[in-house]
There are 2 protein chains.
Amino acid sequence: MATAAAAPDPSRAAELFHALSDETRLGIVRRLQNGEQCVCNLTDLLDAAQSRLSFHLRVLKDAGLVHDRREGRWIHYHLSRKAFSELEALVGDLTPTSRRLTVREVSCC
Amino acid sequence: MATAAAAPDPSRAAELFHALSDETRLGIVRRLQNGEQCVCNLTDLLDAAQSRLSFHLRVLKDAGLVHDRREGRWIHYHLSRKAFSELEALVGDLTPTSRRLTVREVSCC
DNA sequence: CAAATCCGTCAACGTTTCTTGATTCGCCCA
DNA sequence: TGGGCGAATCAAGAAACGTTGACGGATTTG
């Protein structure tokens with residue numbers, strides 16, 4: 001246990017949080033909670049241009065938060081459970097209660 | 001229970017995620033996990049210009065993730081437990097396992 | 001094969017975000 | 001009261017981001 005399990009890759013954390021820092025992408029995630037959706041359904045549900053959605057889906061996909069599956073002409077997107085549990089673990093590590101010094105441990109300047 | 005407790009304010013969620021989508025700010029949060037720190041300590045720990053840190057601390061503060069406390073010439077920052085539990089709840093709501101339809105519930109195009 | 005449909009990619013543009021250095025504000029102490 | 005120090009704020013520029021419309025690739029259907 002060389003480096004402990006304390007600080008997960010910060011750039012990975014930033015990537016995940018960035019992927020979720022946009023309302024359109026949060027809207028996509030919420031629509032995918034009920035199961036798979038193809039892009040054409042999402043454009044209707046979110047009232048967004050196809051090109052715009054494609055852009056945001058790529059950000060989510062690059063972050064590993066969604067996966068896609070081709071079925072004929074359609075491409076279905078669904079959430080990645082693994083990525084979301086990774087996210088939960090990551091948020092848990094950030095929480096102040098996780099580890100805490102005794103107060104007055106640190107001097108100032 | 002009119003609108004249930006399903007979809008929390010999306011702009012609030014985006015604000016929280018955005019505040020954590022930067023490596024410098026994640027570094028600040030990690031340094032604050034051990035307790036309060038004044039800005040001058042953080043500039044040393046993170047090797048960042050004072051002006052730069054002040055900018056990122058403001059983003060975190062505006063998102064409610066940190067609070068500050070003045071003590072003489074120094075200003076100490078610390079994490080907001082409330083905001084982090086809000087974040088945890090929010091991430092939990094995003095998770096795909098939370099609610100799930102029976103499959104094939106949704107038709108495509 | 002040709003037309004239609006679904007969707008990713010690209011270039012261009014405006015907007016937002018981040019960094020840097022200079023300045024200002026607040027507080028303490030001699 | 002004046003000087004010194006910690007920290008916020010401001011303006012300017014660079015970089016990253018999101019939107020739009022045009023285009024091209026893949027697939028199905030007539």
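Biologist: What's the strand order in the open sheet of chain B?

Modeller: The order is S1-S3-S2, three strands with antiparallel pairing. Strands here are DSSP E runs of at least two residues and helices are H or I runs of at least four, numbered from the N terminus, and two strands pair if DSSP finds at least two bridges between them. Strand S1 (37-38) and strand S2 (66-71) of chain B are the edge strands, since each pairs on one side only. Bear in mind that this is a predicted model, where local features need pLDDT of at least 70 and side-chain atom pairs count only at pLDDT 80 or more, while totals for chains, interfaces and linings use all residues. Residues are numbered from 1 along each chain as its sequence is written, and chains are lettered from A and ligands numbered from 1 in the order in which they are written.

Biologist: How many bridges join S1(B) to S3(B)?

Modeller: Two, and these strands run antiparallel. Across that pairing, B:Gln37 stands opposite B:Tyr77 of S3(B).

Biologist: And how many join S2(B) to S3(B)?

Modeller: S2(B) and S3(B) are antiparallel with six bridges. There B:Arg69 faces B:His76 of S3(B).

Biologist: Which residue in the hairpin of S2(B) and S3(B) takes a positive phi?

Modeller: B:Gly72, with phi near 65°; the hairpin has two residues between the strands.

Biologist: What about a positive phi in a residue other than glycine?

Modeller: B:Asp47 has one, near 50°. B:Asp47 sits in the loop between H3 and H4 of chain B. In chain A, A:Asp47 has a positive phi of about 50°, and its place is the loop between H3 and H4 of chain A.

Biologist: Why does A:Asp47 count as exposed?

Modeller: Because A:Asp47 has 8 C-beta neighbours inside 10 Å. The rule takes C-beta atoms placed from the backbone: buried means 20 or more others within 10 Å, exposed means 12 or fewer, and partly exposed is in between. B:Asp47 is exposed too, because 8 other C-beta atoms lie within 10 Å.

Biologist: Switching to the inside: which residues touch the most other members of the largest nonpolar core?

Modeller: A:Val66 and B:Val66, in a core of 40 residues. A core is a set of buried Ala, Val, Leu, Ile, Met, Phe, Trp, Tyr and Cys residues joined through C-beta atoms within 7 Å.

Biologist: What is B:Val66 in contact with?

Modeller: Beyond four places in sequence, B:Val66 contacts B:Leu32, B:Leu57, B:Leu60, B:Lys61, B:Tyr77, B:His78, B:Leu79 and B:Ser80. Contact means C-beta atoms, placed from the backbone, within 7 Å.

Biologist: Where is A:Ile75?

Modeller: In strand S3 of chain A. A:Ile75 is partly exposed, because 14 other C-beta atoms lie within 10 Å. Not counting residues up to four places away in sequence, A:Ile75 touches A:Cys38, A:Val39, A:Asp68 and A:Arg70.

Biologist: Last one: what's the mean pLDDT of chain A?

Modeller: It is 88, and 83% of the residues of chain A reach 70 or more. pLDDT is the predictor's confidence in each residue, from 0 to 100. Over residues 1-5 of chain A it stays under 50, and the model has zero contacts beyond four places in sequence for them. Where pLDDT is low, the predicted coordinates should not be read in detail.

Terms used: Two residues are in contact if their C-beta atoms, placed from the backbone, lie within 7 Å.
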